[in-house]
Amino acid sequence: MNFSRLALLAFIVALIVAFFAFDLDNYLTLEALKAQQDAIGSYRSTHPVMAVAIYALIYIAVTGLSLPGAAILTLAGGAVFGLLWGTLIVSFASSIGATLAFLAARFLFRDAVKARFGERLQAIDAGVAKDGALYLFTLRLVPVFPFFVINLAMGLTHLKTQTFYWVSQVGMLAGTVVYVNAGTQLGQLESLSGILSPGLIGSFVLLGIFPLIAHKIVEAIQANKIYAQWPKPARFDNNIVVIGAGSGGLVTSYIAAAVKAKVTLIEKHKMGGDCLNTGCVPSKALIRSAKLLAQIRNASDFGIKKADAEFDFAEVMNRVQAVIKTVEPHDSVQRYSDLGVEVVEGEAKILSPWEVQVTAAGETRTITARSIVIAAGARPLVPPIPGIEDIAYLTSDNLWALRELPKRLVILGGGPIGCELAQSFARFGSKVVLVEMLPRLLIREDSDVADIVIAKFRQEGIEVLVEHTAKQFIIDNGEKILLAEHQGQQVRIAFDQVLLALGRVANTQGYGLEELGVELSPKRTIAINAFQQTNYPNIFAVGDVSGPFQFTHTAAHQAWYAAVNALFGGFKKFRTDYSVIPWATFIDPEVARVGLNEQDATEQGIAYEVSTYHLDDLDRAITDGVAQGFVKVLTQPGKDRILGVTIVGEHAGELLAEFVLAMKHGLGLNKILGTIHIYPTLAEANKYVAGVWKRNHVPEGLLRCVGRFHAWRRG
Ligand SMILES: Cc1cc2nc3c(=O)[nH]c(=O)nc-3n(C[C@H](O)[C@H](O)[C@H](O)COP(=O)(O)OP(=O)(O)OC[C@H]3O[C@@H](n4cnc5c(N)ncnc54)[C@H](O)[C@@H]3O)c2cc1C
């Protein structure tokens with residue numbers, strides 16, 4: 001906590017302590033009020049303006065400091081100023097006081113709460129942004145939670161101050177009138193408890209929950225309105241129809257079939273989708289061959305005098321296909337049919353929220369289903385760079401048909417796919433130029449990660465051009481040239497082949513979404529809510545087509561939620577849990593991350609501490625000749641709670657698993673430190689980084705005492 005926060009906290013605590021120490025609470029009782037009523041009344045007659053000012057200030061102080069006594073003060077308002085003026089003064093004073101308490105809670109504790117509950121708070125903030133005013137209104141009217149708790153709790157959310165103020169003022173008005181009115185009859189009041197009769201409380205509850213219920217009804221009507229133009233079938237062929245048999249579609253179907261639902265999976269191209277055919281599997285197979293080649297080239301580093309590798313690029317690419325063939329049965333029609341899924345190899349088109357048309361082998365049929373899950377994936381982005389259509393560009397879709405190694409290869413895009421392929425092709429012997437528009441590669445990662453990657457790439461002969469924007473492709477004297485712009489200057493890059501690795505665009509056209517009016521997000525992916533639902537609640541979307549992540553494991557993760565919500569959402573719906581999402585970029589050295597890195601934490605205003613362990617110190621990394629990279633852990637200040645981990649190094653993706661498990665199950669660095677790790681393994685790095693954290697948090701005072709104790713024992 002910084003100085004200004006500490007000072008304010010100390011000031012508030014001092015005022016509260018003084019309030020009780022001077023027994024000021026004794027003045028805020030019904031008896032004291034009755035006893036003083038005449039004296040206060042006569043002061044008010046002689047000094048009307050001053051009386052209002054003093055009264056309002058006391059009221060604001062009591063509510064602003066969350067002290068007990070607001071109810072008595074409200075009665076006093078009625079007793080001293082009458083119904084109209086009392087209501088007016090109390091209404092403003094109570095709203096101002098509540099807002100001060102709200103602001104104080106926000107200033108003092110919001111950052112700390114954000115640091116502790118970052119991701120979860122985001123979900124609450126999203127809810128507050130949508131329905132916060134309604135909830136606050138209900139809370140103000142339904143006398144379940146004390147007002148001071150509401151003030152403080154709302155201060156921790158993202159609710160706008162002005163919204164808090166006016167909703168509070170309107171929401172508290174009914175209660176204020178009742179109490180002020182009771183105050184006008186002060187002489188007949190025996191206790192506070194009689195003011196709100198059960199009937200009156202019931203009316204308040206009804207008044208409070210009415211807007212909430214009305215809001216829910218309007219939401220339900222709006223949701224149903226979207227279905228109005230589509231006749232609903234009396235009965236359905238299926239429980240679910242799934243469009244696309246990539247990672248997202250396969251897992252959705254698997255889960256639906258496992259719980260005995262009737263599910264049809266439609267795939268228009270290849271079972272397994274992008275990951276198996278053009279993504280993870282072929283790229284990792286290619287990376288493996290390239291890595292072996294690099295290792296052979298570096299054999300002398302390992303005491304081997306001569307090791308030559310002769311290779312034929314076409315054979316490497318044939319092996320890639322062989323690997324795909326070996327994995328293929330996992331995603332095959334046969335396997336999924338055996339699991340109880342009806343698999344149709346054809347093209348799907350959504351006709352209505354409950355009807356999907358399938359065209360397979362020239363035949364068309366329509367399947368009706370209670371729910372539709374769209375898992376149609378994404379495709380490589382091809383930007384409209386002038387001249388691009390005149391060169392036969394490569395993407396991750398057609399790259400795998402290549403059998404001749406490009407001599408000079410330009411790769412546009414320094415993200416994970418661009419980096420993985422740049423290093424592989426360079427290792428096979430292509431002269432690779434990696435062109436990135438932004439100031440560094442792997443822009444989502446911290447700059448220390450990019451520094452290691454760029455250094456390694458340059459050492460391996462890759463020309464890394466950052467802050468270079470591709471402007472035009474031309475063919476000059478039969479030679480293909482990329483014209484790029486760098487700091488206002490034109491740069492000419494000659495090449496034989498160009499590979500576009502500029503991101504992936506969701507497949508949202510040509511299969512019925514436009515006709516139905518399925519909404520898209522600003523990123524042109526299908527817009528989904530926390531339950532994977534589109535604007536048609538029975539149509540779900542998962543994987544690359546919806547985002548927000550584009551990984552096989554996140555598509556599979558979302559698929560569970562889509563399948564369960566589609567089948568059982570009528571009873572209970574589950575929000576997709578994005579709290580712990582790991583990923584890796586399979587370059588050498590590998591880069592893996594889970595949770596926050598420094599740039600994310602800084603952007604989100606989350607306080608953190610960093611513990612870093614460098615792999616050049618690790619025995620196993622040294623013996624294996626892979627002593628480069630680091631394990632960097634972000635923790636909550638003063639605590640061992642892990643906020644995020646970045647690992648750069650050999651097998652980083654595998655090493656990260658321990659932290660993913662720890663974060664998922666709330667285990668801190670102390671637990672990792674207290675776990676036996678086999679010697680000598682790379683995984684020991686995880687324990688050592690926990691040791692770094694521990695050393696930075698040793699209780700110095702205690703150690704000094706222990707040192708003195710040992711000295712005393714030595715005599
Ligand atoms: C080079 C590369 C490397 C990658 N490496 C990794 C990695 O290492 N790790 C990782 O996690 N991710 C990786 N990815 C990303 C990963 O491949 C995707 O995130 C994942 O495959 C997305 O799965 P999906 O189910 O959403 O879509 P897809 O796998 O794209 O599946 C969508 C399917 O829907 C079908 N389809 C579309 N429209 C219709 C229709 N109208 N009717 C019927 N079928 C239709 C398509 O034919 C396709 O088969 C990589 C991607 C690339 C390009």
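Arg-620 is partly exposed, because its relative accessibility is 30% and this class lies between buried (under 20% relative accessible area) and exposed (over 50%), as computed with a 1.4 Å probe and protein chains only. Its side chain meets that of Asp-624 in a salt bridge, with N and O 3.1 Å apart; a salt bridge is defined here as a side-chain nitrogen of Lys or Arg within 4 Å of a carboxyl oxygen of Asp or Glu. Asp-624 is likewise partly exposed, at a relative accessible area of 32%. The model is a predicted one, in which local features need pLDDT of at least 70 and side-chain atom pairs count only at pLDDT 80 or more, whereas totals for chains, interfaces and linings use all residues. Residues are numbered from 1 along each chain as its sequence is written, and side-chain values use heavy atoms, with hydrogens and water left out.

The protein has 715 residues, of which 47% count as buried. Its C-alpha trace spans about 105 × 90 × 55 Å along the principal axes. The secondary structure comprises 22 helices and 21 strands, taken as DSSP runs numbered from the N terminus (helices: H or I, at least four residues; strands: E, at least two).

Side chains of opposite charge can pair when their charged atoms come close. The structure holds 22 salt bridges. One of them joins Asp-274 and Arg-504, with an N to O distance of 3.2 Å. This pair links distant parts of the chain, since Asp-274 belongs to helix H9 and Arg-504 to strand S15 (residues 504–506), 230 residues apart. Asp-274 is partly exposed at 26% relative accessibility, and Arg-504 is buried at 18%. A further salt bridge is formed by Asp-448 and Lys-632, whose closest N and O atoms are 2.9 Å apart. Asp-448 lies in helix H14 (residues 447–459) and Lys-632 in strand S20 (residues 630–635), so the pair ties together parts that are 184 residues apart in sequence. Lys-632 counts as buried because its relative accessibility is 2%, while Asp-448, at 26%, counts as partly exposed.

A polar backbone atom of Gly-248 is 2.8 Å from an oxygen atom of the ligand, and a backbone N or O atom of Ala-348 is 2.9 Å from a ligand nitrogen atom. Taken alone the ligand exposes 1000 Å², of which the protein buries 93%; accessible areas come from the Shrake-Rupley method with a 1.4 Å probe.

Elsewhere, Leu-84, Trp-85, Leu-88, Phe-92, Ile-96, Leu-100 and Leu-103 make a nonpolar surface patch of about 700 Å². Such patches consist of residues with over 30% relative accessible area and no salt bridge, nonpolar side chains (Val, Leu, Ile, Met, Phe, Trp, Tyr) being joined within 5 Å and like charges within 9 Å. Phe-92 lies in helix H4 (residues 70–141) and is partly exposed, at 43% relative accessibility.

Technical notes. A polar contact is a pair of N or O atoms within 3.5 Å; within protein, one must be able to donate a hydrogen and the other to accept it, and residues adjacent in sequence count only if both atoms are side-chain atoms.
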